Structure formats: structure tokens, C-alpha cells
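This report describes the architecture of a single model, from its sheet to its helices. Please consult the sequence and the structure shown here.

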Amino acid sequence: MSLPKAELHLHIEGTLEPELAFALAARNGVTLPFADTEELRHAYSFSDLQSFLDLYYALMAVLRTEQDFADLADAYLARAAGQGVRHAEIFFDPQAHTARGVEIGTVVEGLSRALERSEERYGISTQLIMCFLRDEPAASALETFEAAGPHLHRISGVGLDSAEVGNPPAKFREVYELAAAAGLRRVAHAGEEGPAEYIREALDVLGVERIDHGLRCLEDQELVARLVREQVPLTLCPLSNVRLRCIDTLADHPLRRMLDAGLLVTVNSDDPAYFGGYVEDNFTALRDALGLDRETLRTLAANSFKAAFLDEPRRRALL
Ligand code: HPA
Ligand code: ZN
């Protein structure tokens, strides 16, 4: 039976399964550059982060209305419930939609329609984290933050994603300052393809409370010591790391080494429709590849609740 857990690194657009993509394409009169779901699945062979991002952004063309975003989120929550998820902190990429003429309100209100019913329907509490695309200019992130103003009551935090190398965290200092002043939580992808230095910068310049991925911290022992000392959570995504060629095979994943070093690591799914599995599938694949025992799996599940932005009564209830 799957352990109760929190999912802390999940891009809602990355839960768009081929079947739903074609259903929404038909509903919205959008033509996809693939004949059918089988041909689309064949495109799921990535050489790095950018090759994935190209397909990820292209498929979003099918998401147009509030109902599309509600259907997307509801499909994720239904699957997550079956994988033991009791709390989900969900990323979304507003600029990937506003750039196509879909307003941010359509995205946030559509997602919220599904999230509002999640506790009652699936027993999953939820939060929304708005991510800025780091390969877009800082001015675009600032415009996005301003456009999100009327919807901020639905948003718990901000994050930073998309193409990492060459787009250091410090580029987004100003918008993170505004987010902090608005009382939002802060996270950022760092150390997935980018260097360990980006992790340090995300902590020091952006004031983030969690690091998404963070795998490359292992190249800097002083940084590892700090992450251990400060118990900064890292949201690892093992199947994503293999599919995007950050590591060769799951057997090479440094998770055990990270746990032994005292790092607060969690296991998550990133973009499950693209990377071959939802969060419990990541747990199971790691267990099989690394020979993790039940106690280690329990530690990982407990870490997910420790690292979550939960209020204390709910955290205690879930731990
Ligand atoms: N890394 C960076 N950006 C992303 C990812 C990722 O793994 N998934 C969706 N956007
Ligand atoms: Zn991610």
C-alpha cells in the first residue's frame, strides 16, 4: 500500500497526458503536430532539459479555457489520490499561457475550480505556486506578478523554472522581493542542470525556503554542510533526472548518499505525464533500483510533510 505523502514538486502542465491533450485539442479546434497519442508518446525521448521544454510548451496549445485548466488539475488530483498524496503544492507557468493569449485569470481561476473541491473529493489539501520562466526577461516576471495581483489570494508562493543554465537566480531579485513583501512563500529550481552556485544564490539573493532539484549541491561540500545545518528541503525528482539525462540510470541516483549526509530530501514527480511516473511510481522505482527498505521510504514520506508549507495542525495530522 502506498504511504501517505506530500507532493512538493509538480508542474500541473506536466501532468497533461496524451489522451487528455488530444481530447482538449478536439474540444478547442487545435491541431497538434502528431497524428495520435502513440505518435506523441514516441516524441517523449529527451536528451536534456531543453528538448523536454520544447515539447512541454508546444503541447500547452490545447489549454485555452478555465474548464481546460480545471479538467487538467482534476485529472492530476484523481491520480495523485491513488498514489497516496494527501497534500500537493502545485506549480503553474502563467507566462507559458499569457504568451499564447490566455489570461492569467483564466489559468488561476480554472485551476482553483478543481483545487477547491480537492479536499472533499480526494482528501488532498492543495496550494498553488506561481513559477516565473527564467529564460524570459526579468521585466516579464515583474509584469506577470502585477497581472497576478487580483488572484494572489489563491497563490501561496512563487517559484522559478524553465531553462536554467545562463539564467541565474539573481536575475529575479526584484520580483522575489515583491513576492516576499506580499507574504508569499519562495522556492526556486536550482542545481538541476545549473551549477551549485545557483543554489547558494537562490538562498542568499532570493531568500528561498526550499530548493527544487538541488542535485548538483553534491559538487560543493561546503554548500552541502550548509543545507544540512539549515535543513533546507530539496525536492528531488528521480525519474525526471533519468529522462532528462541529469543521471544515467536510477541505480546511479545519489539519494541514499544525500540521506546519509543528513540532507532533508523529498521525492516528487516533476512532470509525470512526460517522465514515466507519478510520485508513488518514483518511490517504487527508487526502492527497486537502490534497494530502499520500508523505514527509508517512511523517512522520505515524513520529510515531504516536514518540508511542506502546511499549517501546524494539518502537518501534525498528516505526519
Ligand atoms: N526544470 C525546469 N523547468 C521545468 C521543469 C524542470 O524539471 N519542468 C517543467 N518546467
Ligand atoms: Zn520542475
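## Basis of the description

The model is predicted: local features need pLDDT of at least 70, side-chain atom pairs count only at pLDDT 80 or more, and totals for chains, interfaces and linings use all residues. Residues are numbered from 1 along each chain as its sequence is written, and chains are lettered from A and ligands numbered from 1 in the order in which they are written.

Helices (H or I, at least four residues) and strands (E, at least two) are DSSP runs numbered from the N terminus.

## The sheet

Eight strands make up an open sheet with parallel pairing, ordered β1-β2-β3-β4-β5-β6-β7-β8; two strands count as paired if DSSP finds at least two bridges between them. The edge positions belong to β1 and β8 (265-267), each of which has a single partner strand, so one side of each lacks a neighbour in the sheet. From one strand to the next, the twist averages 25°. Axes here are lines fitted to C-alpha atoms, for helices over the stretch in contact, and angles run from 0 to 180 degrees between N-to-C directions.

## Strand pairs

Strand β2 (residues 85-92) is largely enclosed by the rest of the structure, because eight of its eight residues are buried. A residue is buried if 20 or more other C-beta atoms lie within 10 Å of its own, exposed if 12 or fewer, and partly exposed in between, with C-beta atoms placed from the backbone. Five bridges join β2 in the parallel sense to β1 (residues 5-11), where L10 stands opposite I90. Six bridges join β2, again in the parallel sense, to β3 (residues 125-133), with E89 opposite Q127.

Strands β4 (residues 157-161) and β5 (residues 185-190) pair in the parallel sense over two bridges, and G157 faces R185 across this pair. Helix α10 (residues 196-204) packs on the sheet, where it touches β5 and β6 (210-213), and its direction makes about 170° with that of β5. Contact between two residues requires their C-beta atoms, placed from the backbone, to lie within 7 Å.

## Helix packing

In helix α1 (residues 18-28), the buried residues are P18, L20, A21 and L24. They lie on the same side of α1 because they cover an arc of only 160° around the axis, the arc being that of the directions from the helix axis to the C-beta atoms. E19 and A26, on the other side of α1, are exposed. The packing partners of the buried residues are α2 (37-42), α3 (49-59) and α4 (66-81). Just after α1, G29 adopts a positive phi of about 65°.

The axes of α8 (residues 138-147) and α9 (residues 173-181) come within 8 Å and cross at roughly 20°. These two helices are therefore roughly parallel to each other (angles under 35 degrees count as roughly parallel, over 145 as roughly antiparallel, 65 to 115 as roughly perpendicular and the rest as oblique). A138, A141, L142 and F145 of α8 make the contact with E174, V175, L178 and A179 of α9.

## A loop residue between α9 and β5

L184 lies in the loop between α9 and β5. L184 is partly exposed, because 18 other C-beta atoms lie within 10 Å. Not counting residues up to four places away in sequence, L184 touches I155, S156, G157, V158 and A179. Its C-alpha atom is separated by 6.8 Å from that of V158, and L184 and V158 are 26 residues apart along the chain.
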